Amino acid sequence: MLEARHTGPTSTVRGAIAHAISRKSGLSWMAAAISLAIVSVAAVTLWRVLNEIEFGGVLAALKARSPRALLMAIAFVVAGYLTLTCYDVFALRAIGRRNVPYRVAALASFTSYTIGHNIGAAIFTSGLIRYRIYSSWGLSVREIARIAFITGLTYWLGNAFVLGCGIALAPGAASAVNHLPPTVNRLIGLAALMALNGYMLWLLPRPRSIGRSHWRIALPNPPATLVQIGIGALDLTLVTLALYVLLPAQPAIDFFDLLVIFVTAMLIGVVSYVPGSLGVLEAAMFIGLPQFPREGLLASLLTFRVLYFLIPLMLGTLLLGLREMRSAAAGIGRAV
């Protein structure tokens, strides 16, 4: 159970999050080893790439950026973050809390993602941010934990679908990143799709739930799970489109191939536990897209990081800060 032993509400959510993290401690050494391996490979790759890059060429590529491409990338980033708000909206409905307005769910989703995933320790920081926002609407720690689980499930279901289809149909694109034989990658993609189908079949006979006691979580039924998959897949597609329009015009690359490479790179970044996948994402993209001029590719990746990571982080921090200031002012007013 995730029952906290502290008395205050903030201590309760901290205790619940800390216990949730501690439950995974048995595999922490393995996770740390995988993270260290990924970061080491990324560091070596970036060192080699940056040593060969002419930064004058990077500046030239940045200056030559098409305003139209930049505007299109911004539009896709905005659309991606709007889709991201659907994660929390879906989760709230899944746990039966339809009374929470969209604006509240959107704020919680946007701030918890942009801050939590950019500064690291996402389980802890995202959980606390959600608690600060949702507790004012009467949600308990258990309900917020359920929201966190369902939003995470939505992300992984979307990944399984996109990568499963992508790797099965274009295994060579994944091979550019992981250097596994295309046949092996195709088998991995088919295995992901089979696992997804197996999960759907498991949901069919009757309502399913996981967990114990007060921490049981009812899983979405098959139709709702299809909505989950759609949300996750659309999110990944829009983010990839934002990078796609920023890439150099030559050489041409098929969008479907880029989708596989980029989502694989994002997944590697998530597994690395590096805040914002900084450096890991870029290294994976350099490995997966060797056909592009490195100066032009670096300019595209830098622009993408500013648009998708840095600006949303600043905006999310500002919005959360304004909310906290307004809450503090309201508390002072009630005290007076």
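What share of the 336 residues of the chain count as buried?

**Figure 1. The whole chain at a glance.** Of the 336 residues, 45% count as buried (under 20% relative accessible area with a 1.4 Å probe, protein chains only; exposed is over 50%, and partly exposed lies in between). This is a predicted model, in which local features need pLDDT of at least 70, side-chain atom pairs count only at pLDDT 80 or more, and totals for chains, interfaces and linings use all residues. Residues are numbered from 1 along each chain as its sequence is written, and side-chain values use heavy atoms, with hydrogens and water left out. The chain holds 13 helices and 2 strands (DSSP runs numbered from the N terminus: H or I of at least four residues for helices, E of at least two for strands).

**Figure 2. Helices α9 and α10 side by side.** Here α9 (residues 182–203) packs against α10 (residues 222–244) at an angle of about 150°, and their axes are 9 Å apart (axes are lines fitted to C-alpha atoms over the stretch in contact, and angles run from 0 to 180 degrees between N-to-C directions). The two helices, α9 and α10, are therefore roughly antiparallel (an angle over 145 degrees).

**Figure 3. Residues where α9 meets α10.** From α9 come Leu196, Tyr199, Met200 and Leu203, which meet Pro222, Thr225, Leu226 and Ile229 of α10 (contact means heavy atoms within 4.5 Å).

**Figure 4. A closer look at tyrosine 131.** Tyrosine 131 sits in helix α6 (residues 122–134). Tyrosine 131 counts as buried because its relative accessibility is 9%. Its C-alpha atom is separated by 6.6 Å from that of isoleucine 144, 13 residues apart along the chain.

Methods. Parallel < 35°, antiparallel > 145°, perpendicular 65-115°, else oblique.
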